[in-house]
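Me: I would like to go through the side-chain contacts of a protein model, one question at a time. Please define each term when it comes up.

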Amino acid sequence: MSEPGAAGPSPAAIQVSRIMRPDDANIAGNVHGGTILKMIEEAGAIISTRHCNSQAGEPCVAALARVERTDFLSPMCIGEVANVSAEITYTSRHSVEVQVNVMSENILTGAKRVTNKATLWYVPLSLKNVNKVVEVPPIQYARKEQEDEGKKRYEEQKLDRLETKQRNGDVILPVINPEPHTVGYSQSSLIHLVGPSDCTLLGFVHGGVTMKLMDEVAGIVAARHCKTNIVTASVDAINFHEKIKKGCVITVSGRMTFTSNKSMEIEVFVDADPFVDEPRERYRAVSAFFTYVSLSKEGKPLPVPQLLTETEDEKRRFEEGKGRYLQTKAKRQAQMQQQAAQQ
């Protein structure tokens, strides 16, 4: 894997490897999706920060702005090695697109398989002024089409980020004595005080830390709903609307929005409360949709209990989730047909 020819001494690609330990996994031995997302973000942050500092200019740190839809193609298990490879595929004036592949390796047999592919967008923030976005050194492309395709992806994600931010006013309220399989029965929240170990050099939370907490809450929602072993199947685009500063108290909230026969969609919000020397009120920092599947003890997919919607808002969100599900299913079928035609 190689970068399309970077300007300057920036690395073509990097690889980060780590063996999966028991504390990376659930009780069934499947590695948490949040653990993989955190490794993906770390690799992306390293290569984009290196690139943005590859030419003379203002020192900066790359901050995660968005993660495109990510599919978990195969569960990873305790004892396997996660090999995370990252490369820069597009740069605009103020952002960097990083493509990341994750491959699991059985170090006893040497067997390898691809488990994840992800696209991340970073913006470089000045070390001297965290509110200043510095310019990104351009990369050179092997073909003009690569640049045109990258620019199209850039414009699409910018539009989607704006639309997501505009519909981000929802809150999750507690429900008294909810019935099983309702939205209120499985909804969950986690409260976390942001400490130094969670943060970048600029004093803001690593995107990977936030995604790991989001996956943890989404996993609790899914497990409460179906009472079985569950694993992350995919994550829709994660938009980082605002930075979260060290010392903030963050509330990560999740609720079920849609169920198909074998999958569950969970909406997750991250709200930040400035805690020290900050007059600002609580704000929405991150939002995303996670998809989970239920597995038997043998690792086979199980049917998912149907979500019981009670309010008009819950019914509306269910229909919206169904639309996303059908759209994703159609895209996957089209890709499979295209691959079959090429063979």
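Me: Over the ring of which residue does the charged end of arginine 324 sit?
Reply: A charge sits over a ring if NZ of Lys or CZ of Arg is within 6 Å of the ring centre and within 35 degrees of the ring normal. The charged end of arginine 324 lies 3.9 Å from the centre of such a ring. That ring belongs to phenylalanine 289.

Me: What kind of model is this, and how are residues numbered?
Reply: Side-chain values use heavy atoms, without hydrogens and water, and residues count from 1 along each chain as its sequence is written. Local features need pLDDT of at least 70 and side-chain atom pairs pLDDT 80 or more, while totals for chains, interfaces and linings use all residues, and the model is predicted.

Me: With which residue does arginine 324 form a salt bridge?
Reply: A salt bridge is a side-chain nitrogen of Lys or Arg within 4 Å of a carboxyl oxygen of Asp or Glu. For arginine 324 the closest N and O atoms are 2.8 Å apart. The pair joins helix H5 (residues 312-342) to strand S11 (residues 264-273), 59 residues apart; helices (H or I, at least four residues) and strands (E, at least two) are DSSP runs, numbered from the N terminus. The partner is glutamate 265.

Me: Is glutamate 265 buried or exposed?
Reply: Buried means under 20% relative accessible area, exposed over 50% and partly exposed in between, with a 1.4 Å probe and protein chains only. Glutamate 265 has a relative accessible area of 6%, so the term that applies is buried.

Me: Why is the pair of phenylalanine 258 and tyrosine 325 called tilted?
Reply: Rings of Phe, Tyr and Trp (its six-membered ring) pair if their centres lie within 6.5 Å; planes under 30 degrees apart are stacked, over 60 edge-to-face and the rest tilted. The centres of phenylalanine 258 and tyrosine 325 are 5.4 Å apart. Phenylalanine 258 is in strand S10 (residues 249-259) and tyrosine 325 in helix H5, 67 residues apart. The pair is tilted because the planes stand at 40°.
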